[in-house]
Structures are given as structure tokens and as C-alpha cells.
Amino acid sequence: MPTALVTGASRGIGLAVARDLAKDHDVILAVRDPVDVLVNNAGVYTGSPRDIWAVNVRGPLLLTRALAGKLAKGARVVMVTSGLGGLSNQAESLRHKLQDPQLTIEDILALCERPPGGYGPSKAALNALTRLFAGELPNARVNAACPGWVRTDMGGPGAPRSVEQGAASVLWACRLAADGPTGGLFRDGQPIGL
């Protein structure tokens, strides 16, 4: 299905165009009103490490940074992560870097230039990015949600979880209470130690 980006889509002509295009397009709405929920879901599993990090880390980093000023008070920012991003699965040098209390968003952006591995390391960096954005966006609830191993094109037909089960894990973070946790990693609404 083709994709359409419609600016000024919160009302009037922009909204009408977006609604009509949604019949046969994936529509991305761009509005100037505050953003209530941002879900950084795009991800790739295979390819060069640089390409994987461009989608799995750089994309969410730049989009969240670009929209930071538009996030409504109490907005939810959800980074879709993976169990393969667990720190225990990463090289010691990456674990050390991502656990450094002095780690910054700029440090993670620099890692995108010389990625230390593919999918798993990129999701570990996304988890660290979640923690950093939670600190930078104190009026939002910023969390990483793991859908689990899901029967999608990426997960394959042998995965144990349905698309609906995976989506429910992400939707939990989208609908988190205003006083809910921030900076955490969750699967099915439960904290996980990635």
C-alpha cells in the first residue's frame, strides 16, 4: 500500500484529504497541535549494521527529538523494542557504554555512525535511548514495549505470539495512566529486565 504524508491534517482540508487517502494509503498525519502518543515502531532485522541502526535507533531518536516540543503534557512515547536487545546479550564494551551514567543522546547518535553490531545491539541502544528521553521529557511517559516474538514478516510463521498479542503489549504503553512509569521496559504491561 502506498504511503501519504499530509501536513496540516488536524482539521479542514488536510483532515478531509487524510481521511479520503486512508481508503487506499497508509496515511501519516502531521499536525501542529500537541502530540498525545508517539509510537516508534519501525524496525528492520536484516541488512548492514548501519542500515539497521538507521531505522532502529537513528529514526526514533531524530523523530522523538523533532517532536519533543510538540508532545502534549502527559504524552506517551513508546519505543518498540525486542528481547534480543537485552544487555546480557551484548558485547561487554557495548554494555559498559550503554550503562554509563554519563551516556547522552549524542553518544547514541554517534554509535549510529559506527554501529557495534546489528539488530540486538540496535535494540539495546534503543532501550538506553528510552531511559535518556524519559529524563529529557519529564512531562511525558517514555517507555520501551516489547511485543515478544510475533508472527509477522520479521518474526516468521513459527513465532509463538499473534500480531494481536504483540500489539496489545505496545498498546498498553500507549494507554498508560498519566502517573504511570517512565523510562522502563515492559512486555504485556509487566516490567522486564532487558
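I count a salt bridge when a side-chain nitrogen of Lys or Arg sits within 4 Å of a carboxyl oxygen of Asp or Glu. This is a predicted model, where local features need pLDDT of at least 70 and side-chain atom pairs pLDDT 80 or more, while totals for chains, interfaces and linings use all residues. Numbering runs from 1 along each chain as its sequence is written, and side-chain values use heavy atoms, with hydrogens and water left out.

**Salt bridges**

I searched the whole structure and got five salt bridges. R50 and E113 pair up at 2.9 Å, N to O. That one links distant parts of the chain, with R50 in helix 2 and E113 in helix 4 (residues 105–113), 63 residues apart. My helices (H or I, at least four residues) and strands (E, at least two) are DSSP runs numbered from the N terminus.

Next I looked up R65, which bridges to E106 with the closest N and O atoms 2.6 Å apart. It also joins distant parts: R65 is in helix 2 and E106 in helix 4, 41 residues apart. R65 is partly exposed at 36% relative accessible area (buried is under 20%, exposed over 50%, partly exposed in between; 1.4 Å probe, protein chains only). E106 is partly exposed too, at 44%. Shared partners put R50, R58 and E113 in one salt-bridge network.

**Pockets**

I then checked for pockets: on a 1 Å grid over the protein atoms alone, a pocket is an open set of points where a 1.4 Å probe fits, with protein on both sides within 12 Å along at least five of seven lines, and lining residues have an atom within 4 Å of a point. Volume is the space filled by probe spheres set on the points, which are joined across faces, edges and corners.

The largest pocket holds about 660 Å³. It has 26 lining residues, and P147, G148, V150, T152 and M154 are the closest to its centre. Helix 6 gives the largest share of that lining, six residues. By class I get 16 nonpolar, nine polar and one charged (nonpolar is Ala, Val, Leu, Ile, Met, Phe, Trp, Tyr, Cys and Pro; charged is Asp, Glu, Lys and Arg; the others, Gly among them, are polar).

The second largest pocket comes to about 350 Å³. Its 16 lining residues include I28, L38, V39, L63 and L67, the closest to its centre. The lining splits into 13 nonpolar, three polar and no charged residues.
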